[in-house]
Each structure stands twice: as structure tokens, then as C-alpha cells.
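Student: Please take one part of this structure and walk me through it closely. I would like to see how the inside is packed.

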Amino acid sequence: MTPTLPTLLVLDADPPPRLGRLTGRARIEHTDAAGLAGRLPAADVLLVWDFTSHAVRRAWPGTGPRPRWVHTASAGVDHLMCPELAVSDTVVTNARGIFDQPIAEYVAALVLAVAKDLPRTLELQRERTWRHRETRRVAGTRACVIGSGPIGRAIARTLKALDVTTALVGRVPRTGIHGPGDLDRLISRADWVISAAPLTEQTYGMFDTRRFGVMQPSAVFVNVGRGGLVDEDALAEALRRRWIAGAALDVFAAEPLGEESPLWGLPGLIVSPHMSGDTVGWRDELGSQFVELYERWAAGRPLRNVVDKKRGYVPGH
């Protein structure tokens, strides 16, 4: 008798994942957000390939059959977590390890671009204007990186290579990592305040009017974590009043950022479309990572990148 193959349900995005290696090892089905609720009860595994969608939170069954394992092709899990999923016995994994160095390189590029006034140089080139200026030295400046996971640690390592003195802040203080109690003191002295934390109940809106007021006028704020970490109105006020020197946002409370958003025209703000971790071939890396995890799951071996559903991230870092 032929054994029944596990049903792998993929919440699709374009382009779809390459799952050819799972041929004959899984019954692969695809769905969009509208069809997710009706198909979840029959799935053994859910691959959230469309990691921008909030459909899982809306569609997750409170009781009855549900997937035994959910994997999201993203570092953050806030888009899919809901109380019913959090208390269930379903295992959740994420794409930890794929985006660490790309995001670190992106942050370093932003730091250098701002310090060397590259946005203004490009504007002047378009205007065919020759205007000599002096720029900032990066070596010897100070950075505070909020978020001590793999992405935050990669950012810290990369900035240290530029001779930037870097402090790392995590949920719990330990060797080499400061706790939340040190945050205000550290950002008050930092030239670069870099947000790379997960979005949880504790971190939502943590960068507010008070926090921007704590930063020094020469500071630049960078967010590559989650949009919900930042009170965008407070940031806009801080930039307009020149409480801080500038900012760069790669993530936003609502994405894509609408044409009508005032953020586009704020002085000293660099806007990028949630691309800091997306390097050439990143989708193939995400697909290969999931296939390797599926092979472990099918063989009964422990999964990697298991998320603590109450904390909202993979513990142990």
C-alpha cells in the first residue's frame, strides 16, 4: 500500500518557490490569501512564501485540524502570529540566517552614504552643479544597534570593520550585550542608532517622541527591523524640528508606502522599499532553506530556526 504523502500548502507569492526536490515526497498545493482558510485544515505543513501577507492571522483555525508546522520565508513572524497559533502545538520556523549579512552590508552602505553626503552629491550631479563640501569621518563614531539576534550581530561586526564603536542592545543583558535599561544612555551618545529588533508587544512603538528626544542632534536613525517599531509621526516631527540629523527607513507601518505619505518628502530621510536583505538569488536561498528543513521534518529530526511563539523570535541569541 502506497503511503500517504504529507500535504504541503504554499501561500503563494510571485515568483513561486522552487520545490522540485520535494517531488514524490510531498503533495504540494498552492493557495492565495482568499483560499487559505478553506485549505488550512487539510495541510500538514504551511509554507508562508508570501511573507508580506497577514492572511495566516485571519485564517488560522482556532480548533480542529491544522498544520503541524508553519514556516515563513522571512526573519520576522509578526505578520502571522495570532493568539490561536501561539497557544497551539504547531511548530513555527523562520528564515533566520538568510538575511543577516545582506542587511548588515545595507546598513553599512547607508552609514557611509549619509556620512559622505552621497544623496546630495547625486542631486548636484543631476543639476550639473559643482559644489565642494566637507563630509563626516565614519571611523571613530559610535553606533547603537538595537536587536541582538543574528542580524543585529552581523550589523555590529560590519560596522566594527569600519572602526565604528558599536554597542549591541538585546532583551536580556549578557556578556557583550546591553539590556533595555541601558538603551537611553547608549542612544544619547550614538552617532548612528540602528533598529534591528523583532516586533513584539514589548518593542512596538519603542522609537517614539521621547526616544527621538534623547538622541543627540547629530544622530542618524536607521530602521531595518519592522515598521511597527517606530512611531512614524514622532520621527517626522524629530526630522522637521531637527532633533536628529537624519534617518533611513527600509520598513514601514504600512507597505507599500503610499504616494500620499508625508514620509517621502521629509528632510533628511532616505526611503527604501523593504529591500535591505534582498540580494541577487535570495529567493533561491529561501527555497533551499525550506527544502532542507522539510527533509529534516520528514525524517523526524529536530527542526532548526524554531520560533518561541510567545516571544516572537528564535531564542538562544
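Tutor: Start with Ile 194. Leaving out residues up to four places away in sequence, Ile 194 touches Val 107, Ala 143, Cys 144, Val 145, Ile 146, Ile 155, Leu 159 and Val 222. Touching, or contact, means heavy atoms within 4.5 Å. The model is predicted: local features need pLDDT of at least 70, side-chain atom pairs count only at pLDDT 80 or more, and totals for chains, interfaces and linings use all residues. Residues are numbered from 1 along each chain as its sequence is written, and side-chain values use heavy atoms, without hydrogens and water.

Ile 194 is among the residues with the most contacts inside the largest nonpolar core, alongside Leu 8, Ile 155 and Phe 290. That core has 45 residues. A nonpolar core is a set of buried Ala, Val, Leu, Ile, Met, Phe, Trp, Tyr and Cys residues joined through side-chain atoms within 4.5 Å. Buried means under 20% relative accessible area, exposed over 50%, partly exposed in between (1.4 Å probe, protein chains only). Cys 144 counts as buried because its relative accessibility is 1%.

Now look at helix H6 (150–161), one of the elements giving two or more residues to this core. Helices (H or I, at least four residues) and strands (E, at least two) are DSSP runs, numbered from the N terminus. The buried residues of H6 include Ile 155 and Leu 159. Its buried residues pack against H4, S6, strand S7 (165–169) and S8. Just after H6, Asp 163 takes a positive phi of about 65 degrees.
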